[in-house]
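Please keep the sequence and the model open while reading.

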Amino acid sequence: MDLTQVKGVGERMAQKIVQQLGGEQELIIAVENFEVDRISSIEGVSQRKAVEIINELSGNRTEEFLKTERALQLYEEILEKILSYAHTAHAKNKILLLSPLQNPEKIESSIDFVMEAKKSVSNLPIDHVRQLLNNLSLPQEIKPNYDPSVAILVENSEDYGYLVDLGLNRHYPIITAQESSEIQEYEFVIYVYSSGELALDDEGNIIMVSKDSEVLEIIPEYVLNYFTHNKTILNQVLELRNLLQKETVLGETIEILNELEDLKYKEVDFDNAVNSAKKRADEEIKSSVKNVDLKGDEVLALLNQGMTAKIDKIFDEVISKARADIKLDTGTEFDPFLRTYPLEIDYAELERVKKQELSKKQIEIFDKKVKAAKRLSQIRNEVDNEIKEALEFDYQFALGCFAHYYQLKAPEIGENFRLEGALHLNLANTHDIANPEIPEDIQKIDYSLFYPENVALLTGANSGGKTTLLETLAQISIMIHMGLPVCCEKAEVKLLDEVYFFSKQRSLDAGAFESFLRTFMPIVTTNKQKLILLDELEAITELEAAVKIISSFIELINDSDSFAVIVTHMAREIIKYAPVRVDGIEAKGLDEDYNLLVDRTPRMNYLARSTPELILKMIHSRSEGKLKEVYGKILEKF
C-alpha cells in the first residue's frame with residue numbers, strides 16, 4: 001500500500017505511519033479492519049486524515065458509484081441518520097467509512113450483521129445503553145506526576161544513568177550515594193540497589209528494591225496511573241459488559257482500584273491524642289495525690305528523691321492508662337511523657353513515633369501498590385480489548401438502532417427492482433422503540449422495474465409523491481450497495497455500477513442546456529449498468545426539443561442492462577417517439593380541506609390524471625352560470 005498516494009501524506013509521514021503501526025502488514029490490517037483510532041493515535045495524524053487514508057487505500061468507490069450531486073446527497077443523508085445513533089468517535093468514523101460495495105458476498109454478510117444488530121437492539125434497554133456509551137472513548141495515557149517529596153536513591157552514577165534512561169526521573173528526583181545524607185529531607189525513599197552497600201538501617205522511611213526489578217516494582221504508578229485516570233471508562237465498560245452478559249476482568253480491576261483508594265494514607269493526629277491524654281492524666285494525678293497519706297520517712301524520700309513509692313505508683317497507673325488512650329486513638333503504643341507534674345511531653349519521642357508510623361504506612365501502601373500493579377499489568381491487554389469491544393459495540397448498536405427504528409428488512413440481490421411496501425426514510429422513523437409502527441396515514445408503495453420494461457415514465461398529480469418515489473428507489477439502491485437492509489417489506493434489487501439522480505431543473509437557458517447535454521448524454525455511451533432517475537427535465541426551452549432528447553435517451557437505455565425512471569408531464573408526446581412503459585400516480589380527488597387524495601403506489605401502464613384537471617373539476621362543480629360554462633370549456637380541452 002502506497003501511503004503517499006493519499007492527499008496530504010508525504011514520504012516522511014508515510015514512513016512514520018508504517019513504522020508506528022509495526023510494518024507494512026500491520027498497515028494492511030489496520031486499513032482492512034477500518035481501524036481509524038489506531039491510525040489516528042499516531043502523532044500528527046488526525047481522525048479526519050485517518051478516515052481519508054483508509055478510504056483511499058481501501059478503494060472507497062463512493063464517487064465512482066454515485067455520479068450526481070443529488071445521489072451523493074442522498075448517500076450523505078443516510079449516513080447522517082445512522083450517525084445520530086452513534087456515541088463514540090470510533091463508531092462515527094466507521095459509519096463514515098460505509099461506502100458502496102460490489103461484492104455480493106460482502107454485501108450479504110454486512111446485511112446479516114446489521115440485521116443481527118437490529119435483533120440485539122430490540123432486546124436491550126436502549127436509554128440505559130445510550131447512557132453507558134455516552135462519552136466513551138479509548139483510555140488516555142497520561143504523563144507522570146512529578147512528586148518531589150519522594151526520592152529514588154542509587155549507589156553510583158552508572159545506576160543513575162540507567163534509571164534516567166528508563167525515564168524514572170520524570171516521576172521522582174533521583175539521588176546518588178554521595179547525597180544520601182539528604183534522605184531525611186524526603187518523606188519516602190526508594191533505594192534501588194545493585195550491591196546493597198549503603199548502610200541505611202537506622203532510616204525508617206526507606207524501602208529497598210533491586211535494580212533488576214521491573215519498573216512497576218520501583219514505581220508502581222507507572223502502571224497504576226493508567227487505570228486510575230481512566231476509571232470512569234472502566235466502570236462504563238464493566239456495566240455495559242454485565243448488561244450484555246459478557247465475561248469481564250473489569251470487575252476485578254475496579255475492585256483493585258477501590259482497594260487502592262482505601263489505602264490512601266489518612267494522617268493520624270498524634271499531637272491531639274497526646275495532648276488530650278496529658279490533660280486527663282494531669283487531672284487524675286492531681287486528684288489522686290490529694291488522697292495520699294505520707295509518713296515521715298516518705299516525706300523525707302520525697303524531699304531527697306523527688307518521688308515516693310506511693311506517688312510513683314500513681315504516676316505508673318495514670319501514665320499506663322494515658323498510653324492506652326493514645327493507642328486507642330492512634331493505633332500506636334508509645335510513651336511520650338516525662339514524669340513530672342504537670343506531665344511534660346517528650347517532643348523528640350513524639351516526632352520519632354510520628355515519622356516512624358508514617359514510614360511504616362508508606363511502606364505498607366507501597367507494597368500493596370506493587371502487588372496491584374503486577375496484577376493489573378497482567379490483565380492490561382484484556383482490559384484494553386474489552387474497551388475496544390465496547391467501542392465496536394457502539395458501531396453495531398448504531399446500525400442496529402437505525403435498522404430497528406426505520407424497520408429495515410433484508411433485501412434480495414436479483415436482476416430486477418421489485419419493491420413491496422417501500423417507504424422513504426424521511427417517513428419511516430417513528431422514534432418510538434416500544435411502538436415503532438408506521439402511522440396509518442403514511443402509505444407504503446409497491447413498484448417494479450424489470451426487463452424488458454427497464455425504463456418507465458412516471459406521471460401523475462403534482463405533490464403526489466413522484467419525487468419521493470424516485471428518492472426511495474435511490475435510497476434502496478444505495479443502501480443495499482452499502483451493505484444495509486432497506487426500508488421495504490420485501491425487495492429484490494439489482495447490483496449496479498452507477499447511480500444517477502437528476503433533480504428538477506427550474507429552467508435551462510442556452511448555457512445550462514449545453515452543460516446539461518454534456519453531462520446527461522454520455523451516460524448512455526458506456527457499458528456500465530446504471531440506475532438513472534430523472535425528475536422533470538422539461539424545463540428545456542423548447543418542448544419539442546425536450547421530447548426528442550428524452551425519447552432518444554429512452555431508446556438507448558432500453559437496449560442496455562440499465563434501469564431508468566423519468567418523471568414527466570410529456571408522456572403523451574414521448575410515447576410518439578419511443579416505446580416505453582408509462583406509470584401513473586393517481587390523484588383520486590380532493591378532501592373537504594382541498595388536500596389531494598392520492599394513491600401513491602403507481603399504476604403500471606397507466607397515464608395518470610393531472611392535479612389541474614381535478615382542481616378544475618372541483619371548481620366547475622361548485623360554480624354557477626357563465627363561470628361554470630367557462631370552466632366546462634376548459635375541461636373539454638383536457
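## Q407 and the end of α19

Q407 is buried, because its relative accessibility is 17% and buried means under 20% relative accessible area, exposed over 50%, and partly exposed in between (1.4 Å probe, protein chains only). The residue lies in the loop between α19 and β7 (412–414). Helices (H or I, at least four residues) and strands (E, at least two) are DSSP runs, numbered from the N terminus. Phi of Q407 is near 50°, a positive value in a residue other than glycine. Most residues other than glycine have a negative phi, and most peptide bonds are trans.

## Basis of the model

The model is predicted: local features need pLDDT of at least 70, side-chain atom pairs count only at pLDDT 80 or more, and totals for chains, interfaces and linings use all residues. Residues are numbered from 1 along each chain as its sequence is written, and side-chain values use heavy atoms, with hydrogens and water left out.

## The chain overall

The chain has 638 residues, and 47% of them are buried. Its secondary structure comes to 26 helices and 16 strands. Take the contacts with a separation of 6 or more: 71% of them join residues 24 or more positions apart. Contact here means heavy atoms within 4.5 Å.

## Other backbone features

N135 also has a positive phi, about 65°, and is not a glycine. It sits in the loop between α9 (126–133) and β1 (150–153). Is N135 buried or exposed? It counts as exposed, because its relative accessibility is 62%.

A cis peptide bond joins Y451 and P452, with omega about 5°. P452 is in the loop between β9 (445–449) and β10 (455–460). D559 and P452 are 107 residues apart in sequence, yet 8.8 Å apart in space, C-alpha to C-alpha. D559 is in the loop between α23 (543–558) and β14 (563–567). At 72% relative accessibility, D559 counts as exposed.

## Nonpolar cores

The largest nonpolar core has 100 residues. Such a core is a set of buried Ala, Val, Leu, Ile, Met, Phe, Trp, Tyr and Cys residues joined through side-chain atoms within 4.5 Å. I78, I95, F402 and L484 have the most contacts inside this core. Which helix gives the most to it? Helix α19 (residues 380–405) does, with 13 residues. A second, separate core has 24 residues, including F553, M570, A571 and A578.

F402 shows the surroundings in detail. Leaving aside neighbours within four places in sequence, F402 is in contact with I78, K81, I82, Y85, L408, L425, M479 and L484.

## α7 against α19

Helix α7 (residues 89–96) packs on α19 at about 50°, with axes 8 Å apart. Axes are lines fitted to C-alpha atoms, for helices over the stretch in contact, and angles run from 0 to 180 degrees between N-to-C directions. The two helices are therefore oblique to each other: angles under 35 degrees count as roughly parallel, over 145 as roughly antiparallel, 65 to 115 as roughly perpendicular and the rest as oblique. The crossing of α7 and α19 is right-handed. A crossing is left-handed if the near helix is turned anticlockwise from the far one by less than a right angle, and right-handed if clockwise.

From α7, the contact uses H90, A91, K94 and I95; from α19, it uses L391, E392, D394, Y395 and A398. By class, that is five nonpolar, one polar and three charged residues. Ala, Val, Leu, Ile, Met, Phe, Trp, Tyr, Cys and Pro count as nonpolar, Asp, Glu, Lys and Arg as charged, and the others, Gly among them, as polar.

T88 is in the loop between α6 (69–83) and α7. It is buried, at 1% relative accessible area. Beyond four places in sequence, T88 is in contact with L133, L136, L391 and D394.

The axes of α9 and α19 come within 11 Å and cross at roughly 145°. This crossing is left-handed. I126, V129, R130 and L133 of α9 meet A390, F393, D394, F397 and Y405 of α19. The contact divides into seven nonpolar, no polar and two charged residues.

A117 lies in helix α8 (residues 104–122). At 0% relative accessibility, A117 counts as buried. Leaving aside neighbours within four places in sequence, A117 is in contact with Q396 and G400. A117 and F393 are 276 residues apart in sequence and 9.3 Å apart in space, C-alpha to C-alpha.
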